Amino acid sequence: MGWSRLPLFRSHHYVCRRLLATRAKLSPLADAFNYHGLKTNDEQRNKTTGLFGYSVLTSPHSFQSFVKSTTEECHILCNEAISQTRVRKMVQILDDMSDALCRVADLSDCIRMLHPDEAYRYSAQKACQLIGQLVEELNTNSELYNASVRANSTSQKDKLIPDIHMDNVDKRVLGLFVADFELSGVQLQDPCRHEQFVRAASLALNYGSEFVEGCYSTVTLPSKYVANSYSDSSELIHPLSDHPDPFVRLSTYRTYYAPIDGQEKRLEQLLNARHEMAQAAGFENYAKRATLHSLAETPENINEFLEHVCRKLRPISAEVVRKQLLPIVKNSYQKITTHDNVPVNSNSKLIWPSDLPYTIGVKRQTLCSHNLADYFSLGACMEGVSQLASCLFGLRLEVVPVQPGETWHPSVIKVHVYSNKSNSIEPIGIVYCDLLDRPGKPAQDCHYTIRGGRCIFNGFYTQSYQSPIITLQLTLSPSESSATPPLLSLGQVENLFHEWGHALHSMLARTRYQHVTGTRCSTDLAELPSTLFEHFALDPRVTLEYARHWKTGQKPDSREIIALQQLSIGRGLGLSLEVSQQATYAILDQILHSGPTENTLLPYAKLTHESLRSWPASTKLLSDIQYKVGLSDWCDCSPAHIGAWPHRFTHLVNYGGRYYSYLLARAGADLVWRRYFSKDPWSSSNGQRYVEKLLCRGGEYPPASMLSDLLDDNVDSDIDNNNLTSNGQIVLSPVKLAEGLTDQLEETEIAAASLINRIESPSLFRPELYN
């Protein structure tokens, strides 16, 4: 189906152009998100329920009984699993246990973050802690582990009768359960070694918390900047990187990224504890432990991928800086008077890290000739999500009323997801949308899997399917009055589509077991569908179908269409630089988790050259990485200009050994986009192939094999036979993935530079070329 033939808001088959007061009606879905959902009718108002429809969760104290019943259920399942007379497959029992634990843990995690009532947050936090203790108890239960290993054995004589009949999916998921056990060190027979693991894991948790706390520590802004109204606060929570004065940018960057007292020591302690923990569990290092069963598969593949990305982007980035950014730096220095004791960038070939965000922003701002926010109301953007879900995946989104007590805040909107292929009146999943900012709400965009999808078995046979429940969290600015909708920036539009990419992944997964449903797979695979969905958000062929003025309901006129197309192209400028920097941070993460600090970090502490003496070892290591991969061709990579950047690198804790995941997922998403959707983003046939080959499978199969299968016929016919498996399936090499990313970035940089050059040379600029 061609995008140009799509009916507007086809889910509802109408567009109302009449003005009601000062706003237009768009569609039931759009209006619900624009103007605070659907009213609860009288019949529903008389029915009360608990959070997420769980009748037991009606008060803060109800979390105690929720945890208690789950604990009892898990102990019963544990006894069943270790019984020599069990009649069910081990993998089914473990998945039942996992489902019970995740329902409490994930729901409680959501409520402790989002509920405005402190009593609820405290009870949910307590529930998280108790379930964490129960998980630790089960993960270190040697009887349960040994029974699982026997069931997973290749020897038929070691298995009970139910496990003899396992198929490949059963074996894959049971193997993942066993691997999860072993991450907790339960396989360690030596009591001393087990004690070593437990102690190291506890220390790593504590050091990680302390390191993150240090990352978020504020610093005092120099008084002269407060006096000159450069900032409303004397506390600096980030550098003033978008300020036009280069000396303000440099000074605040240096202030914010100055070494943090005790932070280098905390980093060393965290890394050593993790290395000790990994070795006690039988891994060579923590990086190998972190990449187990991932899309990347090994740290060696990750390093090859990252190094190739840097190598391919090196000349592209240098040209962008030389032609596009350095003139802006020079101009910004000429416009201001010299500040005391602040150096001037005298190297005309290199850009400073403190100037990079500002210059990219200025260049992209060249394309913002129109204020387009009125076309991107929350409801209009949600209509775009709905249109894509319908056309690509055969889904229908419908806002439904909530019952009293079902949600934690009045602004939460409940969406039922239906399959157009099914005649069932029951939804295939539910999404709770908590999208608007409010006091006390964490400033992050994320999703929570409240309940995973899975088959419900009656003995050996599937009886029904447990539908998934998801919560999406964003922090969009609410409208100033009930008569106007929330309006989104272009970055927020992409974030909305990103989170819905996660949600649709969960909705479409039809896995046998919830342990591997939807986003419950490796991080580098889980981020692929969400990153791919961002590609649709601002593609002009998609945007023109959903962007509508909230007052009139009209689509953008011809001049605004050109502005949208220019913005879409121009946002690609500078991406090669940002990705190059991110790749060096991922390399840093890999090196730090590849061995003990005496081999990875401390050798840099011994470098005593005068220019290096005052900087921590982690800064010197990052500087060395950036010089080696070529960032020094266009950026000043000296420690004096990088600063103690690693001291604020929170992802070292949350994504230790896995920070590469976002780049690898982006590479995979770029390959899928180019193969299936770049020519026609509304292709229903390609959407269905994408569902069948990837989305519906969750983590039931190895991530690399699923992506290779999806992209099978995208690889050249003369590919080396070394990249083929025994059954002829193509294996995506790290180099192939890297080129999927870098080729896309090169195209976007060329297109953005060409467009900007035409705009800045009016005699050459012909708007009709972009129509």
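Start with the residues lining the second largest pocket: by class they are 9 nonpolar, 5 polar and 4 charged. Here Ala, Val, Leu, Ile, Met, Phe, Trp, Tyr, Cys and Pro count as nonpolar, Asp, Glu, Lys and Arg as charged, and the others, Gly among them, as polar. What you have open is a predicted model, in which local features need pLDDT of at least 70 and side-chain atom pairs count only at pLDDT 80 or more, while totals for chains, interfaces and linings use all residues. Residues are numbered from 1 along each chain as its sequence is written, and side-chain values use heavy atoms, with hydrogens and water left out.

Now select Glu-406, Lys-414, His-416, Pro-427 and Ile-430, which lie nearest the centre of this pocket among its 18 lining residues. A pocket is an open set of points on a 1 Å grid over the protein atoms alone, with protein on both sides within 12 Å along at least five of seven lines; a cavity is a set where a 1.4 Å probe fits but cannot get out; lining residues have an atom within 4 Å of a point. The second largest pocket holds about 350 Å³ of space, a volume being the space filled by probe spheres set on the points, which are joined across faces, edges and corners.

Next, colour β6 (413–419) and β7 (429–436), each of which gives the lining of that pocket at least two residues. Strands (E, at least two residues) and helices (H or I, at least four) are DSSP runs numbered from the N terminus. Then colour domain 1 (51–187) and domain 3 (373–503 + 527–549): at least three lining residues come from each. These bounds come from an automatic or database domain assignment.

Stay with β7 and move to the largest cavity, where this strand supplies 3 residues, the largest share of the lining. The cavity's volume is about 80 Å³, and its lining has 7 nonpolar, 3 polar and no charged residues.

For the next stop, find Pro-410 in the loop between β5 (395–400) and β6. Is Pro-410 buried or exposed? Pro-410 counts as exposed because its relative accessibility is 77%; the cut-offs are over 50% for exposed, under 20% for buried and partly exposed in between (1.4 Å probe, protein chains only).

Finally, zoom out to the protein, with its 30 helices and 11 strands. Of its 771 residues, 56% count as buried.
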